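Work through the exercises below with the model open beside you. Try each task before you read its solution.

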Amino acid sequence: MSPVINLPFGTPAAGADGTAAAPPPLSIHGLTVGYGRQPVLWGVDYQVPAASLVAIVGPNGAGKSTLIKAVLGLLPLASGSVRFWGEPLRAERRRVGYVPQRGSVDWDFPVSVEEVVTMGRYGMLGWLRPVARRHRQAALACLEQVGMAEFAGRQISQLSGGQQQRVFLARALAQESDLYFMDEPFAGVDAATETALVEVMRRLKAEGRTVVVVHHDLSTVPEYFDDVLLLNGRVVAAGPVSDAFTNENLQRAYGGRLTLLDDVAQALSRLDRKGVS
Amino acid sequence: MTSLGGSGITWPSVPEVVAVLLLQGGYNTTVVMVGVTLLGIAAGTVGTFAVLRKRAMMSDTMSHATLPGIGLAFLAAVALGAEGRSLPVLLGGAAVAGVVGVAVVHGIARHTRLPEDAAMGAVLSVFFGLGFVVLSYIQTLGTGAEGGISKFIYGQTAAMSARDAITIAAVAVGVVVATLLLFKEFRLVCFDPEFAEVQGWPVSAIDLLMMGLVVVVTVIGLQAVGLILIIALVIIPAAAARFWTDRLWLMTVIAAGFGAVSGYVGAALSALMERFPAGGIIVLVAGALFVISLFFAPGRGVLAGSARLLRLRLEVEAQHVLRGVFEQTEARGAPLTTPVSTDALAFAGTWSAPWRTAVLMFLWARGLIARPSTPLTLTDTGAAEAWRQTRSHRLWEAYFARHVAIAPGRVNRLADMAEHVLDPGIVARLEEQLARDGRLPMPGGLARPVRE
């Protein structure tokens with residue numbers, strides 16, 4: 001990937017006057033989140049480098065989705081602060097895109113694929129304003145990018161899991177954000193969708209955007225991502241994949257749960273991947 | 001009118017019903033019918049979003065919670081020396097009590113571990129009970145007002161004045177306009193509230209607006225339909241509309257239409273049958289529309305669903321037959337178009353006679369077999385299909401035998417040909433393996449050594 005010089009969207013807030021380096025797209029300080037009395041995440045500190053692909057990995061219940069939701073203001077913080085390009089979320093909402101978990105919505109809802117993708121543009125529209133033609137066209141262009149243009153008129157209940165995921169991806173693309181959060185986008189998708197997802201992520205990165213992904217497939221982390229955040233209730237390790245994604249750190253994050261069975265499953269899926277690609 | 005054998009109930013004659021339905025029932029009846037029809041349109045429109053946001057029970061709780069508000073507003077007005085039966089006062093009390101009821105449910109669900117439906121059940125019955133106690137107390141005052149108040153419970157179109165009806169009509173139009181203006185926001189919040197939140201939309205405020213419109217419809221519907229059943233007019237048309245379409249705007253239009261028909265026909269009938277509560281009649285009309293939708297709607301209706309299931313079963317069975325014929329001819333080393341008796345197909349032994357006929361007719365209607373009778377002779381189309389199906393089946397089998405871990409549930413084996421879903425490299429490897437085992441199907445039948 002060539003280094004990025006021209007950022008097509010957004011100008012760095014502090015870098016413009018040349019006095020300071022641009023603040024990172026996302027910086028988290030001392031973030032603690034809990035449901036009820038028991039914290040799920042303790043004191044998370046992490047800075048997301050600009051124009052990078054970041055994987056959040058960790059065992060089940062490690063707080064991966066919780067972290068994303070807390071950062072996006074969907075869950076109240078017990079303590080800590082979150083800054084986007086040095087600003088609170090309120091100030092930079094337009095530059096933040098989101099791909100929720102597929103299971104978080106009712107796929108029998110009476111809307112078409114195109115209508116769902118167009119929802120990505122709603123943030124650019126004001127109250128009561130109808131969706132203009134150019135926004136619908138932008139939505140169609142995003143559907144095209146994920147190979148779903150022919151499904152535009154379909155009702156969403158007629159889609160397969162992978163197609164649903166690509167619709168959500170297209171909706172996020174329609175947001176034209178600079179920083180994306182994706183919650184388990186690779187979960188239970190077919191090979192074609194996985195390829196489409198990776199392609200889109202790499203294109204976003206080439207355009208100077210940043211993508212933070214909750215990921216469950218350890219075997220693909222080095223191939224797909226630049227940076228990794230290993231979580232298990234707290235940050236176990238964070239940084240460039242080459243530094244942080246070590247066997248030792250994985251053992252620390254997963255503890256005894258990374259058992260022989262998981263090793264076998266991973267070996268198998270690596271084998272299969274070789275056959276596919 | 002004709003009297004029914006001493007029951008004291010008079011049933012309207014057909015000409016009377018027709019006259020009222022054609023708006024010939026006199027000025028007041030006509031205005032009331034128009035008002036209730038518009039109420040139905042507003043209820044159906046708002047109801048679409050209440051149903052999609054899964055707020056049906058919450059709406060019902062709210063409407064039942066209006067009762068003590070009506071009674072207390074009456075007492076307060078009387079205490080202040082005002083006219084207790086003044087409509088704005090009573091409806092104002094109803095609205096406040098309804099909103100308080102919803103707020104209490106929210107408070108309980110938020111601050112305790114009680115599930116929301118338990119909170120709604122508790123609030124609904126406690127508020128309703130309080131309402132009855134207050135009404136009983138008003139009765140003991142002997143002001144003669146209790147009759148005027150109890151009509152809010154069951155609804156009574158006959159008692160509505162033309163002025164009431166015009167007010168209802170105006171507010172109903174306002175509700176519809178507000179819903180249409182907020183269509184985009186409502187759709188977003190109903191479908192994916194978290195995404196809306198990330199985009200910066202005030203989801204709670206939008207939810208509140210949605211519920212607020214339900215409250216408005218409830219309050220203006222109290223006179224005509226009554227507080228027990230008004231929510232039925234909100235929910236049932238929308239629920240019925242869902243059977244007919246997968247488009248939100250069309251669902252909204254159909255729900256509004258069903259609401260309108262319920263209001264129109266219900267108000268007409270109740271104008272002729274004063275002894276029946278109007279709310280009951282209006283909701284029964286809505287219920288009839290629901291039952292019709294439930295069974296007969298194409299696509300999502302029960303009958304259409306059964307037909308689809310039958311078709312799916314036939315398709316699966318047809319695939320079995322085609323593969324069975326392929327395997328039989330393969331075993332005999334004969335061409336694919338050789339006649340094969342259904343007795344040779346092991347699975348056909350479990351067929352009932354009607355099912356056997358259905359399967360054979362299905363295959364024949366699709367041009368896959370030459371005659372709908374045994375022995376089966378595949379047509380050229382049938383032979384090609386049998387080869388395709390057998391090949392795909394064996395590829396999938398070979399694939400799953402080696403790659404069970406890879407989401408087998410994601411594949412629709414009926415529709416997805418292996419070569420369309422799997423990577424070409426994998427298909428090539430699987431084919432090699434099948435060929436080695438002598439199980440690779442060839443067009444027109446097996447050209448390979450017969451496997452023992």
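**Exercise 1. The build of chain A**

How many helices and how many strands are there in chain A?

Solution. First, the ground rules. This is a predicted model, in which local features need pLDDT of at least 70, side-chain atom pairs count only at pLDDT 80 or more, and totals for chains, interfaces and linings use all residues. Residues are numbered from 1 along each chain as its sequence is written, chains are lettered from A and ligands numbered from 1 in the order in which they are written, and side-chain values use heavy atoms, with hydrogens and water left out.

Step 1. Chain A has 10 helices and 9 strands. Helices (H or I, at least four residues) and strands (E, at least two) are DSSP runs, numbered from the N terminus.

Step 2. Of the 277 residues in chain A, 52% are buried. Buried means under 20% relative accessible area, with a 1.4 Å probe and protein chains only.

Step 3. Take the contacts in chain A with a separation of 6 or more: 69% join residues 24 or more positions apart. Contact means heavy atoms within 4.5 Å.

**Exercise 2. The interface**

Describe the contact between chain A and chain B.

Solution. Step 1. Chain A brings 39 residues and chain B brings 33 residues.

Step 1. About 3300 Å² is buried between the two chains, and carbon and sulfur atoms give 60% of that area. Buried area is the accessible area (1.4 Å probe) that two parts lose on being put together, summed over both.

Step 2. Count the salt bridges between chain A and chain B: 6. Each is a side-chain nitrogen of Lys or Arg within 4 Å of a carboxyl oxygen of Asp or Glu. One salt bridge joins A:Lys69 to B:Glu194, at 3.3 Å from N to O.

Step 3. Locate the elements. On the side of chain A that touches chain B, strand 5 (96–99), helix 3 (113–118), helix 5 (161–174) and helix 10 (260–276) each supply at least two residues.

Definitions and conventions
Buried means under 20% relative accessible area, exposed over 50%, partly exposed in between (1.4 Å probe, protein chains only).
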